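Reader: I'm new to this one and would like a close look at a single part. Could you walk me through it slowly?

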Number of protein chains: 2
Amino acid sequence: MSQDPLAFRVMNEIGIIDQLGRTALEAVLPDDLTVPQFVVLNHFVRLGGERSPSDLARIFQVTKGTMTSTLQRLEAKRFIDMLPDPEDGRGKRVRITDAGRAAREASIAAVAPVLAQIEAAVGAEALATLLPALSRIRAHLDAARDGPAQTR
Amino acid sequence: MSQDPLAFRVMNEIGIIDQLGRTALEAVLPDDLTVPQFVVLNHFVRLGGERSPSDLARIFQVTKGTMTSTLQRLEAKRFIDMLPDPEDGRGKRVRITDAGRAAREASIAAVAPVLAQIEAAVGAEALATLLPALSRIRAHLDAARDGPAQTR
DNA sequence: CATATTTAGTTTGTTATCAAACTATATGGA
DNA sequence: TCCATATAGTTTGATAACAAACTAAATATG
């Protein structure tokens, strides 16, 4: 059980947490929102303005294809608008709609208790300590990634 | 960027690490093995013997349906055998094949440098410190999960 | 200026994952 | 013994994610 290398055990634990956490959040999210969909809405409310799909792909570290799919689903729910970029014939501009803002508010309300429980169970200090180490791992993996396949 | 609750930021970081780490490992794994497939093979080599599919689903915290899929792919590659359980007409017994053992050895060799790099970049102590906190988060999410939907 | 290269976005095909529905066998209680 | 319930596995129908191939528009180079 513990003959596995340390880094492997950490990755393992991270994988399971990601899965359980994602499932727990999606169980309470309204409007059949998924975590990635919520995260995009949250971004627009917090930072406002408009973004291109490839901006968003870069920000959230997913491929362009993945972002295309997430945005299409959000647009189908009328939570974002996709407009042609007037400055670039290839580009698009994404912005949140009023319905999207409302869905984000409802999501925050639904998700807050779940997050609060985690914080209570693990301790705010422990979480705060975790964060920098996680960031280092992320930074390493990000840098080690060879040719960023597709403007991820 | 940091108005998000602590627990949310941690979950976010974990999600990205999971994704980047998974992709990095799968890039080097032989025989088109995926991480879940490798993890199952690794388990059999480390602990030996036979397991039922639902044992494996429980051990790796995935649903039975997910485990069915992973086992079918491993069987197609001839890396495991699936036998009827002589004691239970509903059950199956899974065990690794020689080819499976060989694939696991090759995988370990391929994956080791990637893990070593992570360990070097983050530091063994930092990883060791991370582990208990991660375990607490996992334990909480595991416990908070309502009716374990399907003998997950 | 014309062609080559890069960039923006989409599409395709594969795997993982979940929940829920379904089949078949086992077990428990009346 | 018989029926109800629980358990083992599979299947179905979603979403997310990747890589790779593809279209179209923009930029760079000769």
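Which residues are the closest to DNA strand D, and how many surround it?

Author: Happy to. A quick note before the tour: this is a predicted model, where local features need pLDDT of at least 70, side-chain atom pairs count only at pLDDT 80 or more, and totals for chains, interfaces and linings use all residues. Residues are numbered from 1 along each chain as its sequence is written, while chains are lettered from A and ligands numbered from 1 in the order in which they are written.

Now, DNA strand D. It's surrounded by 29 residues, and the closest are A:Thr34, A:Gly89, B:Ser52, B:Ser54 and B:Gly65. Being near a strand takes a C-beta atom, placed from the backbone, within 6 Å of it.

Which helices are involved? From chain A, helix 2 (35-47) and helix 4 (64-76) each supply at least two residues of that surface, and so do helix 1, helix 3 (53-60) and helix 4 (64-76) of chain B. Helix 4 of chain A gives the most, with five residues. Helices here are DSSP runs (H or I, at least four residues), numbered from the N terminus.

As for the makeup, the surface near DNA strand D has 17 polar, seven charged and five nonpolar residues. Ala, Val, Leu, Ile, Met, Phe, Trp, Tyr, Cys and Pro count as nonpolar, Asp, Glu, Lys and Arg as charged, and the others, Gly among them, as polar.

For context, DNA strand C has 28 residues around it, with A:Ser54, A:Gly65, B:Thr34, B:Gly65 and B:Gly89 the closest. Over there, helix 4 of chain B gives the most, with five residues.
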